[in-house]
Amino acid sequence: MDIGQFIKGMPKVELHAHLNGSLSTKTLIELGKLEYGESNNEFQRICESFQQKQEFTLEECFKKFPIAHALTKTKDGLRRALLSVIRDFALDNVVYLELRTTPKTTTKMSKTEYLETVFETIRLASSMYPDICVKLLPSIDRSKGIEFAKDTVHLVLKALKTHADLIKGIDLSGNPASGSFNDYTKILSEARNNNLKLALHCAEIDNDGETYEMLQFGMDRCGHGTYMSSQNLNIAKEKQIPIECCLTSNVKCGTVKSYQEHHFKNLYSSKHPVVLCTDDSGVFDTTLSEEFIIAQKTFDLKKKDLEVLSLRAVDVSFASPLEKEVMKTKICKYFYD
Ligand code: IMP
Ligand code: ZN
């Protein structure tokens with residue numbers, strides 16, 4: 001079997017994916033037809049022109065999210081979008097998905113309704129797509145301010161009473177150039193004290209001081225970890241903080257010059273816990289298989305490396321011990337049967 005096919009069939013674990021960034025162009029166009037009418041070619045043109053773009057700046061990337069947000073502002077749109085995203089990951093043989101999304105108030109839904117619709121839909125998907133296990137990391141958008149963040153965490157803590165099986169932790173994301181990490185430490189500590197894991201976007205842009213503060217504060221996983229000074233990297237290594245590497249996202253946004261120069265290489269060869277993730281598979285027109293294929297080709301990974309990476313992703317996931325056992329069994333069966 002050729003290595004690409006092998007990777008496509010491999011049971012995979014996705015730990016860093018944002019819901020509204022994971023809508024494929026096809027899904028955006030389908031949802032756009034429902035929202036704006038069959039004959040709205042202008043919307044289709046905008047979606048396709050984004051898909052064709054090979055390079056963005058981080059700022060340009062953030063301009064794409066409102067297109068998806070406009071289509072997920074109703075319960076029906078959100079439900080359809082989420083089902084499409086889960087289906088797409090399932091079709092790519094992702095067996096475990098920690099999906100992130102920012103609970104938001106829209107013109108049609110309260111923040112509570114947004115979150116409830118997400119839970120309802122994940123439960124519905126578990127019968128439609130039984131081969132994928134989906135968990136949620138509600139996101140704090142650091143560009144929306146501390147009051148918004150507090151409200152989100154308090155809603156999530158309330159939701160733990162009925163959805164503790166689905167909520168695995170909190171993500172801190174949003175435009176990394178906006179807001180200050182210090183503003184969020186109090187509310188993130190509250191989340192942590194309530195047994196929620198923390199997956200924080202960290203060192204996505206060059207801001208050593210903030211990265212240092214974040215690493216000192218601590219986190220269960222680091223999103224990106226691109227701009228790490230050697231001092232900060234040493235802290236991440238001492239603390240054994242797993243780093244979620246999103247190759248295509250970083251290269252297309254220009255925060256990493258090329259695949260060859262991606263920090264994945266040094267992290268992996270120094271045996272630091274590292275995972276491959278998509279970030280926004282729709283925005284960057286990728287899949288988790290594609291990310292593995294790129295890593296395999298660029299860094300000349302062998303099957304043993306693919307197995308190590310897959311099992312490491314299970315280890316650093318926020319799944320329960322039993323869920324981890326199930327995943328490891330599937331992965332080992334694929335590699336050794
Ligand atoms: P949503 O939370 O489901 O609406 O997914 C889109 C949101 O994820 C964006 O509005 C950002 O707040 C966040 N996001 C997606 N990709 C990135 C990234 O690379 N860095 C930081 N935040 C991101
Ligand atoms: Zn991200």
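Here are some questions and answers about this predicted model.

User: Let's start with Glu98. Is it buried or exposed?

Analyst: Glu98 is found in strand S2, which covers residues 94–101. Its relative accessible area comes out at 0%. The cut-off for buried is under 20%, so Glu98 is buried.

User: Which side chain does the side chain of Glu98 make a polar contact with?

Analyst: Glu98 touches several residues from elsewhere in the sequence, including His16, Lys135, Arg221 and Phe318. The backbone nitrogen of Phe318 lies 2.7 Å from a polar atom of the Glu98 side chain, but that is a backbone atom. The side-chain partner, at 2.8 Å, is Arg221.

User: How many bridges join S2 to S3?

Analyst: Strands S2 and S3 run parallel. One place to look is Tyr96, whose bridge partner in S3 is Cys133. The number of bridges joining the two strands is 6.

User: And how many of the 9 residues of strand S3 are buried?

Analyst: Strand S3 takes in residues 133–141. It is largely enclosed by the rest of the structure, because the buried residues number 8 of the 9.

User: What about the nonpolar core? Which helix gives the most to it?

Analyst: The largest nonpolar core has 104 residues, and Ile140, Ile170, Leu188, Leu200 and Phe264 have the most contacts inside it. The helix that gives the most to this core covers residues 75–91 and supplies 7 residues: H5. In soluble globular proteins, nonpolar side chains tend to be buried together. As for the helix you asked about, the name is H5.

User: Back in helix H5, which residue's backbone oxygen lies 2.9 Å from a polar atom of the side chain of Ser84?

Analyst: Ser84 lies in helix H5. With a relative accessible area of 10%, Ser84 is buried. The backbone oxygen at 2.9 Å from its side chain belongs to Arg80.

User: Now the ligand. How much of the accessible area of ligand 1 does the protein cover?

Analyst: 17 residues surround ligand 1, and the closest are His69, Thr101, Thr102, Glu204 and Asp280. Polar side-chain atoms of Asn20 and His69 each lie by an oxygen atom of the ligand, at 2.9 Å for Asn20 and 2.7 Å for His69. A nitrogen atom of ligand 1 is 2.7 Å from an N or O atom in the side chain of Glu204. Of the 490 Å² that ligand 1 has on its own, the protein covers 97%.

User: How many residues apart in sequence are Pro11 and Tyr334?

Analyst: Pro11 sits in the loop between helix H1 and strand S1, and at 9% relative accessibility it counts as buried. Pro11 touches Asn93, Val95, Lys330, Ile331 and Tyr334. From C-alpha to C-alpha, Pro11 and Tyr334 are 7.5 Å apart in space, while their separation in sequence is 323 residues.

User: What is the phi of Asp279?

Analyst: Most residues other than glycine have a negative phi. Asp279 is not a glycine, yet its phi is positive. This residue is found in the loop between strand S8 and helix H13, and it is buried at 4% relative accessible area.

User: Where is Asp300?

Analyst: Asp300 also has a positive phi, about 50°, although it is not a glycine. Its place is in the loop between H13 and helix H14.

User: Last one: what separates the C-alpha atoms of Phe284 and Thr112?

Analyst: Phe284 lies in the loop between S8 and H13, and it is buried, with a relative accessible area of 1%. Among its contacts are Phe56, Cys61, Lys252 and Asp279. Thr112 is 172 residues away along the chain, and the C-alpha separation is 29 Å.

Technical notes:
Residues numbered from 1 in each chain as written. Chains lettered and ligands numbered in written order. Predicted model: local features only at pLDDT ≥ 70, side-chain atom pairs only at ≥ 80, totals over all residues. Heavy atoms only, no water. Buried < 20%, exposed > 50% of the residue type's maximum accessible area, 1.4 Å probe, protein only. Polar contact = N/O pair within 3.5 Å; in protein donor to acceptor, adjacent residues only side chain to side chain. Contact = heavy atoms within 4.5 Å. Core = buried A, V, L, I, M, F, W, Y, C linked by side-chain atoms within 4.5 Å. Near = heavy atom within 4 Å. Areas by Shrake-Rupley, 256 points an atom, 1.4 Å probe, with all protein chains shown as cover. Pairing = 2+ DSSP bridges. Lists of a residue's contacts leave out its neighbours within four places in sequence.
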